[in-house]
Amino acid sequence: MTEDNVVLSKDPNWWRQAVVYQVYPRSFADANGDGLGDLKGITSRVPYLASLGIDAVWLSPFYPSELADGGYDVADYRNVDPKLGTLADFDELIGALHAVGIRMFVDIVPNHSSDQHEWFQAALAAGPGSPERERYIFRKGLGENGELPPSDWPSHFGPTAWTRLPDGEWYLHLFAPEQPDFDWDHPDVRDDFLKTLRFWSDRGVDGFRVDVAHALTKDLSEPLRSKPAFIDFDNPLTGDDVLFDRNEVHEIFRSWREVFNEYDPPRVAVAEAYVRAERRMTYARPDGLGQAFNFDLLVSPWEVGTYRTVISDNVALAESVGASSTWVLSNHDKVRHASRLALPAGNDGSLWVDSDGRDPVIDLDLGLRRARAATLLMLALPGSSYLYQGEELGLHEVADLPAESLQDPIWKRTGHGHKGRDGCRVPLPWTSESPSFGFGSGDAHLPQPSWFAHSSVEAEDGVAGSTLELYRAALTLRRELAVTESFDWVASVDTVLHFARGDGWHCITNFGTDSVELPAGRVLVVSGAIVGGLLPTDTTAWVAVS
Ligand code: BGC
């Protein structure tokens, strides 16, 4: 326990401009050599995390799990997966992080549990019509003998969201069949999550990342309404969609906020809510979760007008509810931005991965140059930035993972049509040698490519111009510079984004093909090289203007 830790301030606003680094525990560092990352592995790398200059770590799920969906199938919300360690290891990790001034977010997965959760096992055993089944969403099927799913709802991982049991009933799972959805109208479900929030908060957890926050409440009135397609970002949602973003979901988050406010400083939260930007803000209200992921940059092409609109809109939207914006370029669900930003507009990389990275052939150096520029731009924005492990090394997506190594349920559920997200979840390279590039003492659970040798921590540590040193320099400067949340555009040519922050420091990104002039002043950090006093294409600089 670390409540008496003297390093961390009690400032209730610490999160507003925090840089949060996402650790995907199974792929970060493997202390016991079984090929799977673990909590002791993360603890052993706390000095590295401290050297980055981040404010917090977000730990993706580390709970007991059969890994049907990389840990997002939770069998016990108040424990540690024995494959990853123990609660004592968790306490040691959080203690080590707090001791160096780094806070911790944990992932909460409230839409669904694992089918191995004791409640689901009890529901299976108790049979149709039992109270045990009421905590989940069981229904009779359609058709003469109930042989058809109760509705046309699709699963995110394809194809249907319903699975039939041998006793004839169907249960709902918006993701894999091993992830049955809870019925959030059931008081046991509501009470149990409050207990879970207190359990981790009492252990010193500072914040929560809330998985699929927009899906908890559904319209389950009979007959079940049709839901032919998942969210289309261009269609306005009214709060009365059958499955997503229903107005009553906020009652749940208001009750969570009451729990957060029992602590000093109050615990914080960020919603993963895949909804339109305006609707997203309802999750970020101070009486709700307080912040919501803004994935707009994660889905934007490298295009000046798009970036300008995304930034203006999100700064204004966050202000309108008293939150600060969040910014994300990479996470465990999307193709890494060093690769993605080299792809043509409209190509998010999933089809590129399906072709083993062959179609189209992309310029990886260009992708990395843009990724470095995008990151430096993002880190200059007001609000909090979420980084994903390995992006600080400039890692590319591992697009050519062999089919037999794939773990993502998307691969199986699409009949081997889509490879899914494993390419950004390959264990990190710490050193430039095998086995497993310093990840562990044996092979890693996903195969690592030979090019990891040039992008390892060892290869980049202390090397001027490396992506690792760029992140460190920017994060160190940001601590000194990002004191206020002020933000103002500065007039510039169309191909350049130029804005001023705080006391006279500016950020300039050149999206055009020609080099451009920098404002008079001292260059603080730059994502590439300044040539002849000019800022080249696909480059960002921070300048203390004179
Ligand atoms: C997580 C995914 C996960 C899904 C189901 C998402 O939003 O980020 O990794 O597959 O929720 O829990």
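The model is predicted: local features need pLDDT of at least 70, side-chain atom pairs count only at pLDDT 80 or more, and totals for chains, interfaces and linings use all residues. Residues are numbered from 1 along each chain as its sequence is written, and side-chain values use heavy atoms, with hydrogens and water left out. Helices (H or I, at least four residues) and strands (E, at least two) are DSSP runs, numbered from the N terminus.

**The ligand and its surroundings**

- The ligand is surrounded by 14 residues, the closest being Asp69, Asp211, Glu272, His332 and Asp333; a residue counts as near if one of its heavy atoms lies within 4 Å of the molecule.
- This shell is made up of four nonpolar, three polar and seven charged residues. Here Ala, Val, Leu, Ile, Met, Phe, Trp, Tyr, Cys and Pro count as nonpolar, Asp, Glu, Lys and Arg as charged, and the others, Gly among them, as polar.
- In Glu272, a polar side-chain atom sits 2.4 Å from a ligand oxygen.
- For Asp333, a side-chain N or O atom is 2.5 Å from an oxygen atom of the ligand, and for Asp211 the distance is 2.7 Å.
- The protein buries 96% of the 310 Å² that the ligand exposes when taken alone; accessible areas come from the Shrake-Rupley method with a 1.4 Å probe.

**The five-stranded sheet**

- Five strands make an open antiparallel sheet, in the order β11-β12-β13-β17-β15; two strands pair if DSSP finds at least two bridges between them.
- The edges are taken by β11 (488–489) and β15 (521–526), and each has a single partner strand, so one side of each is left without a neighbour in the sheet.
- Strands β12 (residues 496–501) and β13 (residues 505–510) run antiparallel and are joined by six bridges. Within this pairing, Ala500 has His506 of β13 as its bridge partner.
- Helix α8 (residues 304–320) lies across β11 and β12, at about 25° to β12. Contact means heavy atoms within 4.5 Å, and angles run from 0 to 180 degrees between N-to-C directions of axes fitted to C-alpha atoms, for helices over the stretch in contact.
- Another helix, α14 (residues 467–481), lies across β13, β15 and β17 (539–545), running at about 130° to β15.

**The three-stranded sheet**

- Three strands form an open antiparallel sheet in the order β4-β6-β5. Its edge strands, β4 (138–139) and β5 (162–164), each pair on one side only.
- Two bridges link β4 with the antiparallel strand β6 (residues 170–172), where Trp170 is the bridge partner of Arg139.

**Backbone details to look for**

- Most residues other than glycine have a negative phi, and most peptide bonds are trans.
- Gly158 and Pro159 are joined by a cis peptide bond with omega of about -15°; Pro159 belongs to the loop between β4 and β5.
- A cis peptide bond also joins Asp264 and Pro265, with omega of about -5°. You will find Pro265 in the loop between α6 (249–260) and β8 (268–271).
- Asp245 is not a glycine, yet its phi is positive, at about 60°; Asp245 lies in the loop between β7 (207–210) and α6.

How values were computed. Polar contact = N/O pair within 3.5 Å; in protein donor to acceptor, adjacent residues only side chain to side chain.
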